[in-house]
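Please read them with the structure open.

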Amino acid sequence: MQFPYGAGVLGVGMAVPARVLTNAELEQVVNTSDEWIRTRTGIRERRIAGEGETPAVLGAEAAGRALADAGVRPGDVDLVLCATTSGDFVWPATACLIQDALGARRAAAFDVAAACSGFTYALATAAAFVQSGAMRTVVVVGADTLSRQLDWSDRSTCILFGDGAGAAVVGRCAAGEGVLASSLGSDGGGAELIYIPAGGSRTPLTPELLAQRRNKIAMCGPEVFRFAVRIIGAACAEALDRAGLAAEDVSLLVPHQANTRIIRAAAERMGLSEGRVFSNVERYGNTSAASIPIALAEIVQQRRVRRGDVVATVGFGAGLTWGANVLRWCRDEPVEPGGEVAAPEGRI
Ligand code: UT7
């Protein structure tokens, strides 16, 4: 589809809690082992939010950094989007709290609730606003503190997740650069494969349900695993096809960081070598909607991307939902002296 304007990532930022929770510490919490967690998930440690470190607080910090990185003033922001499913309040939206903290006085704000796919949904939404000419500058945040939604006696879930936030400033760029295409999807038939059973309108909380921890994440891990491996390739293929590209054109795949085995299996299916797939799940675990924008901040920090590169982001998660975005990187990134890109960290 032809749009009047291009919409690209002009700045990135991230914020994670200082508290590191290692696998060794988790051995004291549930019947697990560092070896099991590393071999089944690739995770070595994750960050856990302390008191006062909420999605709005972490999200505003990440967004502030992204604005500084883009050289955009808060007063010039038209819209703040926050992808989250662990927001500060049941309502209003966490995006409103971030908008206030940033001092983005002119901006509209709303949340995008697509769980771990949230950032891919929000990025596609931001791009559509900017490409149509309806808006000029959108701050897209992914922020989650799922540690507060975990049943710390359930070893199949509590070892997986971590807390954090990442953000991207989406604004006008040259046509043919920035977000080239997206593919979003959902299958509500899988709603109960990963969800929080109680606390919503269908099953309001009671003392009994609280005691049974039904207000915490329940997941059917192996089914979500199979879905993830299949959908990463399918969503990317559709978005790439819409952009007139193929998997071999992808310079860097930035997948949702849930499990190294998922990422490896999906990359293999897509025919992508390790060097063309980014992973930092080892250090942060699954930070839900924050994982992709944190990864984007790190690929910039680690000089893993240059202007003109084709970057594909892909997310999957509760809903079930999935989303992929294909971008032609539109920023001039500084190159190391000698023209070599710095050695990558956090590869799979
Ligand atoms: O954003 C999307 C979020 N969700 C996901 O990404 C989840 C996707 N799924 C997964 O990543 C994997 O399914 C898990 C990592 C959750 C589990 O790995 P798995 O290889 O699918 O293991 P499993 O669930 O089939 O369990 C194998 C065994 C079981 O024991 P038995 O029944 O074979 O005796 C589990 O009880 O591993 C046991 N187990 C553990 N053992 C030690 C499950 N969790 C643990 C644990 N430590 N933490």
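1. The model is predicted. To begin with the ligand, one of its oxygen atoms lies 2.8 Å from a polar side-chain atom of asparagine 259. Taken alone, the ligand exposes 950 Å², and the protein buries 73% of that area.

2. The side chain of tryptophan 36 has an N or O atom 3.4 Å from a nitrogen atom of the ligand. At proline 222 the backbone is involved: one of its N or O atoms is 3.5 Å from an oxygen atom of the ligand.

3. The ligand is surrounded by 23 residues. The closest of them are Thr32, Arg40, Cys116, Arg155 and Asn259. By residue type, the shell is made up of 12 nonpolar, 8 polar and 3 charged residues.

4. Which helices each supply at least two residues of that shell? They are α2 (34-41), α6 (155-158), α8 (221-242) and α9 (260-270). Helix α8 gives the largest share, with 4 residues.

5. A separate point concerns helix packing. Two packed helices are described by the angle between their axes and the distance between the axes. For α3 (residues 55-70) and α4 (residues 94-102), the axes come within 9 Å and cross at roughly 50°. The two helices, α3 and α4, are therefore oblique to each other. The crossing of α3 past α4 is right-handed.

Definitions and conventions:
Residues numbered from 1 in each chain as written. Predicted model: local features only at pLDDT ≥ 70, side-chain atom pairs only at ≥ 80, totals over all residues. Heavy atoms only, no water. Near = heavy atom within 4 Å. Polar contact = N/O pair within 3.5 Å; in protein donor to acceptor, adjacent residues only side chain to side chain. Areas by Shrake-Rupley, 256 points an atom, 1.4 Å probe, with all protein chains shown as cover. Nonpolar A, V, L, I, M, F, W, Y, C, P; charged D, E, K, R; others polar. Axes fitted to C-alpha atoms, helices over the stretch in contact; angles between N-to-C directions. Parallel < 35°, antiparallel > 145°, perpendicular 65-115°, else oblique. Left-handed = near helix turned anticlockwise from the far one by under 90°.
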